[in-house]
Every structure is written in structure tokens, then in C-alpha cells.
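Work through the exercises below with the sequence and coordinates open. Each task is followed by a solution in steps.

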Amino acid sequence: MSVWRTKSIKDLMQEARDNEKLKRSIGTPELIALGVGAIIGSGIFVLTGVAAANYAGPALVFSFILSGITAGLAALVYAEMAAMIPVAGSAYTYAYASLGEIIAWIIGWNLILEYMVASGAVAAGWSGYFTDMLSSVDISLPAALVNSPAGGGLVNLPAILITALMTLLAIIGTTTSATTNKIIVAIKILVILAFLVLGIPRVNPANWRPFLPFGIPGVIHGAAIIFFAYIGFDAVSTAAEEVRHPNKDLPRGIIGSLAISTLLYIAVTIVLTGLVSYTQLNTPSPVTTGLLAAGVRGASLIVGIGALAGLTSVLLVTIFAQSRIFMAMGRDGLLPSFFARVHPRYHTPMLTTIVVGAFIALIGGFLPINVIAELANVGTLSAFFIVSLGVLILRRTRPDLERPFKVPFMPWTSLVTMAFALYLFFNLPRLTWIRFAIWMALGLMVYFAYSRHHSVLARVEPSPLPRPDPRPFSPLRPFFISRPALAPLFLRLRLPWRRK
């Protein structure tokens, strides 16, 4: 019953083939759209304002560059793992194959935190933009129904409703979800380009002074806060069992979506902090706030629609990704088996998707957005660290495995990724560590109370049986039994009672 037991890559691949109930209907364009759909959204349309106002100021652009470098290195690592182990589950599955069950459970538990909490932040941001868009046409919703209890309201109702709609869409089918996501992503990119075209002529360089109001530590703290915006390429790897040619398409989808998204992040941050003072951006809808402050009244409605489209795609992709991770954990026995059930008509894990959507609705409807964002980053950074370590271990323990994509400059790429992830992790607010420690303690309790004993590996693990020892009696035998680590030193000696 070792907690370090691993699943062989051969078994993982065979298990995926035996459970081929998901439809392989996704190619490289859909994967890039999936990644961009998850990456471009909350980072641009929600967290740019919060991070600029509270942590980095106009220097937030450096925060995005620092986070982008870390995410880029992690993307290379993910690409190797995804091409080598094209199985649903993302970092959870990779950890199970390389580091052992306890680490896989920890990373899976953290991915629950990462995806569900990130989705809750997106749902809350969607509600903010929706409310602003209605206000621009003189329609006001009751404050009690658009704010969480921490924000002075009763419930964030728009966040709950949009989550329910995206959950339904994720249930209907992968092909439908992917097609819808491509359309939404196209609208989102067009709106971002429109924002840049409208905003650049109205940039006031005075708004960039002071450029470093919080100093270099503020840039680092900002990078740690906005890092979960790069969660998208992890979502690409969760679709491994629904990709037509995973060995080629997954690396292209991961790296391509990250490159496009990072460039857009940097451009929008520069323009946004030039339109309005960073002190005025601490809102759930900073892009609309920036345009309104610059006097672009009519365009704010268009950008609001684009922001809603962007956040909608993020919500759809993260619900999709979390349900696949739950499905993989249910298939391995670490979660109840109903999580692994696939609907015979829709070819999606319907019950799992409903559970995911319900939790996201509760988070988005009742928690404040700043707390949500900080918690999501912990899961993202821990996933990047574990996957980077897993690549290093598999390079040493399984050099014979076929690697359609290989990370360049190993082992340095993995080591630098791990160092960046740790550095950003320790720059998160201390209160976030406390919440993370509570979450981890809860996860370990669940593992040792349920998952360890219900694991598929536990059910097939043979019971240790006592074996007769053919050696004759030795006066040192008790010594060997009580001190097994020292026994080989004595067995090397030519003792008279050693068996010839």
C-alpha cells in the first residue's frame, strides 16, 4: 500500500484505449483556440486592473513578461509530457506516471483549486462587465444581486447564471463546445485589437508616472498574482483523449496558444495603464473603465461585449478541463467512480461537469474576486513545479520512451522553471499560504481516508506473503532483520555460515 506507487505509461495508454468513449474530434486549430480561450480573458479583462492598482502600477507590463517567461518554460515541459503521455488528466496524470500516487493526488487536489477557483474569478469578472454594459444603456440591476456578501450584496447572480449556461454547453458535446469556443475567441481577439486601435491615440504618458510605484517587489508580487491567467495551456493538455493526432497537435496547441496570448497581454497592459491612472483600475472591469475615463463612450459597449465573449470562453474551457481531470481521477479510483462515467449520447462526463459547474457557481456567486485570484495561483504554480520535476525524473528513469517532442536545453529548462515557480509562489501574500495549507491538510485527510484504499493500484496490488528463507540459522539473523540497511555490509563478508 505504498503511497509512492506509480502507474506505468503503458498501462495509462492501454487504459485510455480501453475507455475510448470520448470522441477524437479536435485538431491543432481547435487546440490553439482552446488555449487562447482560456488564457485570454481573466488576465486582460479582470486582473490587469487589480494587479496594477494594488501591486505593480504601470510596471505591470514587466509582471506579465516575467510570468510569460515562466509560463513559456513550463509550456515546453508540458509539451514533452503531453506528446509522450497523451492521456486526459494533465499534470495529475504526468505526476502519477513519474512521481507516485501521493504526489499525483496532491497535484490533482491543487488542480481542483486552480480550475474551480479560477473559473469563479472569471464568473465574477463576467458579472462586472455585464453590469457595466447594462449601465451604459441606463439599465441598473439591484446591487444586492450583483455583489458577493463580502462586497455588500447577497449573491452575484449573473456569475451563477453564466456558469450554469456554460456548464450546459460543456455537457452537450466536445465538438459543439470547440466550435462555439472558436467563434467566441475570434470575437475576443477582434475586440482586443479594436481596443488597441482606439486606445493607442488616447494614451497619456503622464499616467505611466511613477512607473514603479511599488518598486521591484511590486512587479514580482504582480507577477505572482496574475500568473493564473496562463492556466490555458494546461487546459489544452486535458483534452489529450479527444485530439485526433495528440503526438503532434498537443505541442503545437500548447506553445502556439501561449505565444499569441503573451503578446496580447503585454500590448493591452501598456495601453490600459496609459489611458488612466493605475489607482483607478481596481475594478472587476478595468478595460471598460479605461475607455470611459479616456472619453470613448460608444466604444466601451463594444469592448464590453468583447470582454463578455472573452470571459465566456475562459469559463467554458476551464469547466471542460476540470471535468476531464475529475474523470481521470475517478478512473484511477482516487475519486468515486461516478466521476469517470461518460454519457452514451453526448460522449462527455455529464455528472462530473454538473458537479464542477455547481461548485464554480458557488465560488463566483459568494466569494470576492481578489481572494479567488490569489488562491488560483497556488494551484497553477504547484502544477508547473511538479510537471517540470516529472520530466527530469522520466528523462533519467525512462530514457527509452518515445518522445515526439523533446524539451531543449535539459535539465536547465526544467530547473529554471521550477526555480521561477517557487520564487513566484513565495511572493504570494502570506494569507494565501495559510489558506493553501488548510486546503492541503483537507486534501491529505481525503486521500488517507478514502483515495489510498480505493485506488485501482491498491486493488491490484498483491498482498505481501512471507517467504521461507533458505539460509541456515545465523546468530546475526536478528541483527539483519532489525537493521536491514546494514545487512548488505555483513553479507559481503566471507562468513562461515554464509550459504555457498
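**Exercise 1.** Find the residues that Ile85 touches, leaving out those up to four places away in sequence.

Solution. The model is a predicted one. With the sequence neighbours left out, the contacts of Ile85 are Ile9, Leu12, Thr93, Tyr94, Ala97 and Leu394.

**Exercise 2.** Determine how helix 4 and helix 11 are oriented to each other.

Solution. Take the axes of helix 4 (residues 60–84) and helix 11 (residues 246–275): they are 9 Å apart, and the packing angle is about 175°. Angles over 145 degrees count as roughly antiparallel. Helix 4 and helix 11 are therefore roughly antiparallel. Sorted by class, the contact between helix 4 and helix 11 has 20 nonpolar and 5 polar residues, and no charged ones.

**Exercise 3.** Classify the aromatic pair Tyr78 and Phe384, then the pair Phe326 and Phe339.

Solution. The whole structure holds 13 aromatic pairs.
- For Tyr78 and Phe384, the ring centres are 5.7 Å apart and the planes make 75°, an edge-to-face pair. Tyr78 belongs to helix 4 and Phe384 to helix 15 (residues 369–397), so this pair ties together parts 306 residues apart in sequence. Both Tyr78 and Phe384 are buried.
- For Phe326 and Phe339, the centre-to-centre distance is 5.1 Å with 45° between the planes, a tilted pair. Phe326 is in helix 13 (residues 297–331), while Phe339 is in the loop between helix 13 and helix 14 (350–366), so the parts tied together are 13 residues apart in sequence.
- Buried means under 20% relative accessible area. Phe326 has 5% and is therefore buried; Phe339, at 9%, also counts as buried.

One aromatic cluster is formed by Trp105, Trp109, Trp439, Tyr447 and Phe448.

**Exercise 4.** Is Arg202 buried, partly exposed or exposed? Describe its surroundings as well.

Solution. Arg202 sits in the loop between helix 8 (174–199) and helix 9 (215–226). Arg202 has a relative accessibility of 40%, so it counts as partly exposed. Not counting residues up to four places away in sequence, Arg202 touches Gly274, Leu275, Ala294 and Val296. Finally, compare sequence and space: Arg202 and Gly295 are 93 residues apart along the chain, with 9.0 Å between their C-alpha atoms.

Key:
Residues are numbered from 1 along each chain as its sequence is written. This is a predicted model: local features need pLDDT of at least 70, side-chain atom pairs count only at pLDDT 80 or more; totals for chains, interfaces and linings use all residues. Side-chain values use heavy atoms; hydrogens and water are left out. Axes are lines fitted to C-alpha atoms, for helices over the stretch in contact, and angles run from 0 to 180 degrees between N-to-C directions. Helices (H or I, at least four residues) and strands (E, at least two) are DSSP runs, numbered from the N terminus. Angles under 35 degrees count as roughly parallel, over 145 as roughly antiparallel, 65 to 115 as roughly perpendicular and the rest as oblique. Ala, Val, Leu, Ile, Met, Phe, Trp, Tyr, Cys and Pro count as nonpolar, Asp, Glu, Lys and Arg as charged, and the others, Gly among them, as polar. Rings of Phe, Tyr and Trp (its six-membered ring) pair if their centres lie within 6.5 Å; planes under 30 degrees apart count as stacked, over 60 as edge-to-face and the rest as tilted. Buried means under 20% relative accessible area, exposed over 50%, partly exposed in between (1.4 Å probe, protein chains only). Contact means heavy atoms within 4.5 Å.
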